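Reader: I would like to go through this model and ask what stands behind the words used for it. Please set each value against its cut-off where there is one.

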Amino acid sequence: MGYKKRWGDRKDGRRLRSIEPMSRLTSYIMVNRNGASNYMAERLEITQAEKYIREKRAQGLKGFGMLHLILAAYVRTVSQRPGLNRYIGGQEVYARDNIVIAMVIKKEMKLDAPETVIKLEAKPDATAADIYEGMNRLISDNRSVDDESSFDNLAKLLNYIPRPVLKFTIWFLKLLDYYNKLPMALQNLSPFHASFFITSMGSLGIPAIFHHLYDFGNVPIFLSYGAKYSENKLGSDGSVTRHNYIDMKMVLDERTCDGHYYASSLKYMKDIFKHPEVLDNPPETVVEDIE
């Protein structure tokens, strides 16, 4: 039987009752997400990743690219390191019920083109093909310039509110969210309620950036990745080989996991990039978070 909600759980997560006392106290000491942020930079060698991407495209996955691979690798990592999917709500630590990925897309690649937010819900046993299909469906549904998503309509509605009333409205929404009273319909629309936020600087041809977390909502991880670049390496035998890389920069809420856990998760994700073919099949087991 599945988990049954208990007193103290939230609409989108269960409270971690066996977490270490200091880990619980941390969210009362560091109240704001940005004040509890750690910054991590990593360089990925993508020789095997690029080979895998070419194979997927040859198999008919048109447009399969680095974004799909990073998202699939993240989901696979969460399946084995579920602590990545924790969040702080009302200053308590929760394990999220599902994996939700948020990102901003431009409806057209023009400076003045409108943007919208898409949110992909993924199962922990998702394959690379599952992520590809889900992302393509969402992007296709939201790329039309003439169509507006529910989030777009909500943002437009809030934009009409006079400044003093808008300030109170946002404060009230934060209050509702703190006490787990924010309607689930609004959480589903909100880009600030997700497991993971990602942005591709590479699609713009520029390096990755450290993107701040949001003090509204509960996103604990923001990842940015940059444009591909190459370096020549001198081997011990005097030969020179060319290697391709991308840089990733992450901002992490340190109240959800300790540094060792984050480091272990990053190493696991990097191993996937060395052997991306593992993403063709579901994981053998899915690890559950602590009680």
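Author: The largest cavity has a volume of about 140 Å³. The model is a predicted one.

Reader: Which residues line the largest cavity?

Author: The lining has 13 residues, and Leu-84, Ile-221, Met-250, Ser-265 and Met-269 are those nearest the centre. At least two lining residues come from each of α3 (66–80), β8 (221–225), β10 (240–253) and α8 (259–274). The element that gives the most is α8, with four residues.

Reader: Which residues lie nearest the centre of the largest pocket, and which elements supply at least two residues each?

Author: Of 36 lining residues, Leu-67, Met-103, Ser-200, Ser-203 and Tyr-225 lie nearest the centre of the largest pocket. The elements are α2 (47–58), α3, β5 (99–106), α4 (128–142), β7 (196–200) and β8.

Reader: Why is β5 described as largely enclosed?

Author: A residue is buried when its relative accessible area is under 20%. Six of the eight residues of β5 are buried, so the strand is largely enclosed by the rest of the structure.

Reader: How do you know that β5 pairs with β6 and with β7?

Author: Two strands pair if there are at least two bridges between them. β5 and β6 (residues 115–122) have eight bridges in the antiparallel sense, and Lys-106 stands opposite Glu-115 of β6. With β7 there are two bridges, in the parallel sense. The cut-off is at least two, so that count qualifies as a pairing. In the β7 pairing, Ile-101 stands opposite Phe-196.

Reader: Why are β1 and β3 called edge strands?

Author: They belong to an open sheet of three strands, in the order β1-β4-β3 with antiparallel pairing. β1 (13–15) and β3 (86–89) each pair on one side only. From one strand to the next, the twist averages 40°.

Reader: What makes β1 and β4 a pair?

Author: β1 and β4 (residues 92–96) share three antiparallel bridges, against a cut-off of at least two. In β4, Arg-96 is the bridge partner of Gly-13.

Reader: Why does Arg-86 count as buried?

Author: Arg-86, in strand β3, has a relative accessibility of 10%. That is under 20%, so Arg-86 is buried. Beyond four places in sequence, Arg-86 touches residues including Leu-16, Val-93, Tyr-94, Pro-220, Cys-257 and Ile-290.

Reader: How do you know that Arg-86 and Asp-289 make a polar contact?

Author: The contact between their side chains is 2.9 Å, and a polar contact needs N or O atoms within 3.5 Å. The value therefore falls within the cut-off.

Reader: Why is Ile-206 called partly exposed?

Author: Buried means under 20%, exposed over 50%, and partly exposed in between. Ile-206 has a relative accessible area of 38%, so it is partly exposed. Ile-206 lies in the loop between β7 and β8. Not counting residues up to four places away in sequence, Ile-206 touches Met-201, Gly-226 and Ala-227.

How values were computed. Residues numbered from 1 in each chain as written. Predicted model: local features only at pLDDT ≥ 70, side-chain atom pairs only at ≥ 80, totals over all residues. Heavy atoms only, no water. Axes fitted to C-alpha atoms, helices over the stretch in contact; angles between N-to-C directions. Buried < 20%, exposed > 50% of the residue type's maximum accessible area, 1.4 Å probe, protein only. Polar contact = N/O pair within 3.5 Å; in protein donor to acceptor, adjacent residues only side chain to side chain. Contact = heavy atoms within 4.5 Å. 1 Å grid on protein atoms, 1.4 Å probe; cavity = no way out; pocket = protein on both sides within 12 Å on 5 of 7 lines; lining within 4 Å. Points joined across faces, edges and corners; volume = space filled by probe spheres on them.
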